[in-house]
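Thanks, everyone. Let me put the structure up, and then we will go through it quickly.

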Amino acid sequence: MRAADLEQAIGWAADEGWNPGLDDLSAFLAADPEGFFTGTLNGEPVTSISAVRYGDSYGFIGFYICQENLRGKGYGLETWSHAIRHLEGRTIGLDGVIAQQDNYRKSGFEFAHRNIRMGGVATVDAPMDPRIAPLGLGIFASVREYDRNLFPEERTEFLKLWCAPNAATRRGFVFVEDGKLKGYGVIRQCQAGFKIGPLFADTPEIADSLFRALAGQVKGQSIYLDIPEPNPHAQELAERHELSAEFETARMYKGPAPALPLERTYGITTFELG
């Protein structure tokens, strides 16, 4: 993809109701500058897909869209096949919408668990807790190390931009106790409202404190949290803060599924781009 193609694809994602973040793309491009593709028909872009490589062993597919009036003609499949080749030799993950899950199974993907988007209005105040601090450059090395145990591969270049504070669109917080990082989270502005993700924590109590710190930044506005169903404490956190299920996806893998501690995952990074 060229820059103009990326901007157009962001618009397509918005039309699909995915509600992408206002400045999400730069972080994913930093992770894999060659991981975004578009299919053209008569010189005009008609499909999009991301196939982002992390480290040597993992990749994730997202952003998979074909223009609605051209679906069912095989154009999307051509783009899909190219993305799969780009990730050849790796375990590949995706978050599949319900309508496409059977097609993904035909391509060798197997169901791992559901992810559920929870949405509502931020009603909490940020806690006055000395263990919670803004996520900044001084603690980035600890965040990178912490994240490595919760994501299948190293993603330093991605995290540098995803976690970079931006007063207008993006903020993050860490939870540090006895000199040890025990959780972190990021909230970012989207085309509608704000999304929290990732939200990683060692305990449900720490996750709740971080959630309140993040949601408290945008009190009175719409917020969204994408939770993994295998973590019941994530569901309890969302319901406690009056968030309701809006839609679901299936986390699916082609190749050996990574062994991730989902009990420490209270919000995944994002559905849209992987």
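Start with charge. The protein chain carries 27 positive and 37 negative charges, and their mean positions are 1 Å apart. Keep in mind that this is a predicted model.

Next, the surface. The accessible surface of the protein chain comes to about 12,200 Å². Carbon and sulfur atoms account for 49% of that area.

Now the overall dimensions. The C-alpha trace spans about 60 × 35 × 30 Å along its principal axes. What radius of gyration does the protein chain have, and does that agree or disagree with a compact globule? The protein chain has 18 Å. For 274 residues, a compact globule would be near 19 Å, so the value agrees.

On to the inside. Of the 274 residues in the protein chain, 53% are buried. Then contacts. Take those between residues at least 6 apart in sequence: 73% of them join residues at least 24 apart.

Secondary structure next. The protein chain has eight helices and twelve strands.

Helix α7 runs over residues 204-215, twelve residues in total. From first C-alpha to last, α7 reaches 16 Å. That is close to the 16 Å expected at 1.5 Å a residue.

Is α7 mostly covered or mostly open? Mostly covered: nine of its twelve residues are buried. Who are they? The buried set in α7 includes I206, L210, F211 and L214. A207, A213 and A215 are buried too.

Key:
Residues are numbered from 1 along each chain as its sequence is written. This is a predicted model: local features need pLDDT of at least 70, side-chain atom pairs count only at pLDDT 80 or more; totals for chains, interfaces and linings use all residues. Side-chain values use heavy atoms; hydrogens and water are left out. Helices (H or I, at least four residues) and strands (E, at least two) are DSSP runs, numbered from the N terminus. The radius of gyration is taken over C-alpha atoms; the globule rule is 2.2 Å times the number of residues to the power 0.38. Buried means under 20% relative accessible area, exposed over 50%, partly exposed in between (1.4 Å probe, protein chains only). Contact means heavy atoms within 4.5 Å. Accessible areas come from the Shrake-Rupley method with a 1.4 Å probe; for residues, only the protein chains shown count as cover. Lys and Arg count as positive and Asp and Glu as negative; His and the chain ends are not counted. The place of a charge is taken as NZ of Lys, CZ of Arg, CG of Asp or CD of Glu. The expected span of a helix is 1.5 Å times one less than its number of residues.
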